[in-house]
Amino acid sequence: MIPIFPSIGYDRLRMEVDGEGVTTLVCAQGCPLRCKYCINPESSRDCGKPRHIFTPASLYKLLKIDSLYFLATGGGVTFGGGEPLLYVDFMEAFARLVPDWKINCETSLWVHPRQVERAARLIDHFIVDVKDTDPEIYRAYTGKEFSRVEENLRLLLKLVGAEKITVRLPLIPNYNTDAHRDRSEALLREWGVTHFDRFDYVIKEK
Ligand code: SF4
C-alpha cells in the first residue's frame, strides 16, 4: 500500500527558520495533543478534511522545483504539525526519493517509541517542542502526560546524539514562567540536550 501524508498545507522558501538553508515546511494533519494555544488548530483530525493528501511521489513532484535551492544551501524539507511522526511510513518512502535533501522534523515526541526509532534512521535534524518539563504544567497545557516525552527524548538522544536535536522551550502565558523555563533547560541539560530555542508565545486577542 502506498503511504500517504494528510496535510493542512505547506510553505516554500523558508530561510533558516526550521532547519539549515532553504526549507519547505509541510504540515501534517493529526496531533495527539490538545494545546490550549495551538498554533495550527486545523491540524486536529477533528477539523474535517485535509487540504492535501500527498503520496511520496506527489509531494516530490510538488517540491522538486526548489531542489537547486535545497542543494545549494544544505536545506530540504521540514515536516511539521500536527504531528508528522504519525506518518513515519510516508517519511521513510519519501526519504528514499530524495537522498540529497535534508529532512527535518518538528515534533512533540508524543508518539510510540517505535516511531521515534524509525524516524531516528532518516531525519537529519529534530526540532522537539517540549513546551515545559513540569508534569503538571504539561498536562494542564496539552492534556497529556509528560512522561512519554521524557521517555522518547532520552531514547532519541541515545539514538542520534545531541547535535541532531534542538529543543523548543516556549514561554506560555498563564501556564509557565521564565523560572519554569530555566528549570526545564537545566533538567534537559542534565539529560544531554545542548541546543535550545527559547521563545515567547504571543496570544492574539479575540
Ligand atoms: S503539538 Fe502543535 S499541532 Fe499539536 S496541539 Fe500542540 S500546538 Fe497544536
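Where is Glu16 found relative to E1 and strand E2 (22–28)? Glu16 is found in the loop between these two strands, helices (H or I, at least four residues) and strands (E, at least two) being DSSP runs numbered from the N terminus. The model is a predicted one, in which local features need pLDDT of at least 70 and side-chain atom pairs count only at pLDDT 80 or more, while totals for chains, interfaces and linings use all residues. Residue numbers start from 1 along each chain as its sequence is written.

Glu16 has a positive phi of about 60° although it is not a glycine. Leu13, in strand E1 (residues 5–15), also has a positive phi, near 55°. Most residues other than glycine have a negative phi, and most peptide bonds are trans. A residue is called exposed if 12 or fewer other C-beta atoms, placed from the backbone, lie within 10 Å of its own, buried if 20 or more do, and partly exposed in between. Leu13 is exposed, with 10 such atoms, and Glu16 is exposed with 11.

Turning to the overall fold, the protein has seven helices and eight strands. For 206 residues, a compact globule would have a radius of gyration near 17 Å (over C-alpha atoms; 2.2 Å times the number of residues to the power 0.38), and the protein agrees, with 17 Å. Buried residues account for 40% of the 206 residues. Beyond its neighbours within four places in sequence, Val167 is in contact (C-beta atoms, placed from the backbone, within 7 Å) with Val128, Val130, Leu188, Val193, His195 and Phe196.

Helix H5 (residues 135–142) has Tyr138, Tyr141 and Thr142 as its buried residues. Seen down the axis of H5, these fall within an arc of 80° (from the directions from the helix axis to the C-beta atoms), so they line one face of the helix. Glu136 and Arg139 are exposed on the other side of H5. Just after H5, Gly143 takes a positive phi of about 85°.

Finally, the ligand is surrounded by residues including Cys31, Arg34, Gly81 and Gly82, each with its C-beta atom, placed from the backbone, within 6 Å of the ligand. The peptide bond from Gly81 to Gly82 is cis, with omega near -10°, and Gly82 is found in the loop between strand E4 (76–80) and helix H3 (88–97).

Technical notes
Contact = placed C-beta atoms within 7 Å.
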